[in-house]
Amino acid sequence: MDLDLQQQIIDSTQSVFDTMLMMPLTPGSILAEKVYTFQKSISAMLGFAGEIQGMLTIHCPQEVAFTITSALLGVDVDTINEDVKDTIGELANMILGGIKDGFTEQGIQINLAIPTVLAGRSYRISGMTDALWITVPFYLDEGEFLVELKLKTPK
Amino acid sequence: MNLLENIVDATKEIFETMIIMEIIPGNALSESVTEFKGSVSGVIGLAGSCKGMLAIHLPNAVAMAITGNFLGMAVDEVNDDVTDAIGELANMLAGNIKMVLDVAGNNVTLSIPSCIHGAEYSMDCVSDAERVVVPFNTDSGQFLVELQLQCNC
């Protein structure tokens with residue numbers, strides 16, 4: 001595949017934050033290790049299938065999710081409510097939408113599923129250990145969040 | 001398309017042939033369940049002319065019992081065997097539902113299963129998709145199979 005996935009993730013995420021949230025965002029270096037366990041966090045998972053199959057997941061500490069939700073909706077939030085879940089789920093939709101466009105330009109067709117939003121004190125997400133994982137951290141003033149792309153070519 | 005009937009048929013078939021465990025389907029829940037404690041959830045996305053997700057939610061004890069039957073060994077903690085088995089179970093269920101949808105003229109592809117587990121977590125779907133949740137009873141307790149689906153056709 002002739003596609004720099006890390007750059008795709010960064011471009012799409014920055015584009016969404018520039019246009020929708022008007023928040024400056026600094027991408028970090030790709031993580032060397034897979035992250036499975038999350039505390040006081042919210043994660044939006046969005047599956048995709050087609051010529052490539054996989055999943056895009058955004059992992060946000062609660063405080064970061066509140067900041068993003070406030071920026072998008074213009075309301076103050078301090079609990080994980082419907083607004084926060086909808087916002088982080090929609091963020092996954094928008095970021096993966098941008099990455100999908102990159103795939104399409106390469107002639108690779110994928111279709112998106114619907115976002116699922118997890119939240120909780122402590123949870124672990126596993127599976128897809130044999131897939132290609134790319135996890136990019138992004139920094140806001142309030143903290144960091146992760147955008148993770150897992151994919152593989154169907155057998 | 002009768003989603004409820006398809007879920008019940010698919011789940012019973014997989015438990016009869018692959019897991020060898022007796023299950024009794026209950027009535028579809030009128031309210032969705034989004035909060036889970038001490039549980040394991042397998043989830044997989046569906047994309048194409050229908051899009052959605054299939055999830056199976058099991059208390060730890062039920063997840064361990066199913067994994068024990070599936071792998072033919074004793075399981076006493078939620079380890080990688082359990083999360084792999086429950087992810088695979090979601091995959092098999094979704095594969096079965098995909099076949100039914102494709103026969104009805106759709107073109108559905110599956111993403112890759114993931115498994116979530118934790119002491120306390122919530123799981124919600126962000127969409128206006130049609131949602132069906134069916135409980136099943138086993139000797140070890142009850143689990144839920146959830147399907148959310150929106151079709152273009």
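Which residue in strand 5 of chain B is the bridge partner of A:Leu118? Select A:Leu118 in this predicted model and look across to strand 5 of chain B, where the bridge partner is B:Met123.

Strand 5 of chain A, residues 116–126, pairs with strand 5 of chain B in the antiparallel sense, and the pairing runs over 10 bridges.

Now display the whole contact between the two chains. Chain A contributes 32 residues to the contact, and chain B contributes 32 residues. On the side of chain B that touches chain A, the elements that each supply at least two residues are strand 2 (35–48), strand 3 (50–59), helix 3 (80–103), strand 4 (108–110) and strand 5 (114–125). Of these, strand 5 of chain B gives the most, with 12 residues. Colouring this side of chain B by residue class shows 16 nonpolar, 13 polar and three charged residues.

Then turn to chain A and select helix 2 (residues 62–73) together with helix 3 (residues 82–105). Their axes lie 9 Å apart, and the helices pack at an angle of about 85°. An angle of 65 to 115 degrees counts as roughly perpendicular, and helix 2 and helix 3 of chain A are therefore roughly perpendicular to each other.

Finally, show the residues where these helices meet. From helix 2 of chain A, select A:Ala65, A:Phe66, A:Ile68, A:Thr69, A:Leu72 and A:Leu73; they meet A:Asp83, A:Val84, A:Thr87, A:Ile88 and A:Leu91 in helix 3 of chain A. By class, this contact between helix 2 and helix 3 of chain A comprises eight nonpolar, two polar and one charged residues.

Conventions: Residues are numbered from 1 along each chain as its sequence is written. Chains are lettered from A and ligands numbered from 1 in the order in which they are written. This is a predicted model: local features need pLDDT of at least 70, side-chain atom pairs count only at pLDDT 80 or more; totals for chains, interfaces and linings use all residues. Axes are lines fitted to C-alpha atoms, for helices over the stretch in contact, and angles run from 0 to 180 degrees between N-to-C directions. Helices (H or I, at least four residues) and strands (E, at least two) are DSSP runs, numbered from the N terminus. Angles under 35 degrees count as roughly parallel, over 145 as roughly antiparallel, 65 to 115 as roughly perpendicular and the rest as oblique. Two residues are in contact if their C-beta atoms, placed from the backbone, lie within 7 Å. Ala, Val, Leu, Ile, Met, Phe, Trp, Tyr, Cys and Pro count as nonpolar, Asp, Glu, Lys and Arg as charged, and the others, Gly among them, as polar. Two strands pair if DSSP finds at least two bridges between them.
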